[in-house]
Amino acid sequence: MENNLCHIGKNAELSAELMFLFNEGKNFQSYNMLGAHPDGKGCSFSVWAPGAVSVSVVCDKNGWDRNANPMHRYNDTWIWHIYVPEIS
């Protein structure tokens, strides 16, 4: 994902500042950006997966297909993110 800013979670967004703090171990509210955050229309998923080659959302809604909802790595970090509509 080549964005400089990505909306995720509850009132959180991935930004250069948040990523700097996260990488320094000083983002004390990373729970706002990591994990699953439903918004009533879908769900935002973000995980920290250092060294991962790929990450996907796999569930009964997508038939347990790991190729259905592949997550995208945020710039040069190990944060992976996707927004999946119609999953709550």
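The legends below describe close-up views of one predicted model.

Residues are numbered from 1 along each chain as its sequence is written. In this predicted model, local features need pLDDT of at least 70, side-chain atom pairs count only at pLDDT 80 or more, and totals for chains, interfaces and linings use all residues, while side-chain values use heavy atoms, with hydrogens and water left out.

**View 1. The protein chain contains 1 helix and 6 strands.** Helices (H or I, at least four residues) and strands (E, at least two) are DSSP runs, numbered from the N terminus. Read from that end, the order of elements is β-β-α-β-β-β-β. Of the 88 residues, 35% are buried; buried means under 20% relative accessible area, exposed over 50%, and partly exposed in between (1.4 Å probe, protein chains only). The protein chain exposes about 5800 Å², of which carbon and sulfur atoms supply 52%; accessible areas come from the Shrake-Rupley method with a 1.4 Å probe, and for residues only the protein chains shown count as cover. Among contacts (heavy atoms within 4.5 Å) with a separation of 6 or more, 56% are between residues 24 or more positions apart.

**View 2. His 37 sits in strand E3, residues 35-38.** His 37 counts as buried because its relative accessibility is 11%. A polar atom of the His 37 side chain lies 3.4 Å from the backbone oxygen of Tyr 31. Strand E3 runs antiparallel to strand E4 (residues 42-48), and 4 bridges join the two; strands pair if DSSP finds at least two bridges between them. The bridge partner of His 37 in E4 is Ser 44. The hairpin of E3 and E4 has 3 residues between the strands, and Gly 40 in this hairpin takes a positive phi near 95°.

**View 3. Val 57 lies in the loop between E4 and strand E5 (72-73).** Val 57 is buried because its relative accessible area is 9%. Val 57 and Asn 69 are 12 residues apart along the chain, yet their C-alpha atoms are separated by 5.4 Å. Leaving aside neighbours within four places in sequence, Val 57 is in contact with Phe 45, Asn 62, Asp 65, Asn 69, Met 71, Ile 82 and Val 84.

**View 4. The largest nonpolar core has 11 residues.** A nonpolar core is a set of buried Ala, Val, Leu, Ile, Met, Phe, Trp, Tyr and Cys residues joined through side-chain atoms within 4.5 Å. Members of the largest core include Cys 43, Phe 45, Val 57, Trp 80 and Ile 87. E4 and strand E6 (79-85) each supply at least two residues of this core, and E6 gives the largest share, 3 residues. Apart from this core lies another, of 5 residues, among them Phe 22, Met 33, Tyr 74 and Ile 79.

**View 5. Phe 22 and Trp 48 form an aromatic pair.** Rings of Phe, Tyr and Trp (its six-membered ring) pair if their centres lie within 6.5 Å; planes under 30 degrees apart count as stacked, over 60 as edge-to-face and the rest as tilted. By this rule the count is 1 aromatic pair. The rings of Phe 22 and Trp 48 are 5.8 Å apart centre to centre, with 75° between the planes, and the pair is edge-to-face. Phe 22 is in helix H1 (residues 16-23) and Trp 48 is in strand E4, so the pair links distant parts of the chain, 26 residues apart. Phe 22 is buried because its relative accessible area is 16%.

Conventions
A polar contact is a pair of N or O atoms within 3.5 Å; within protein, one must be able to donate a hydrogen and the other to accept it, and residues adjacent in sequence count only if both atoms are side-chain atoms.
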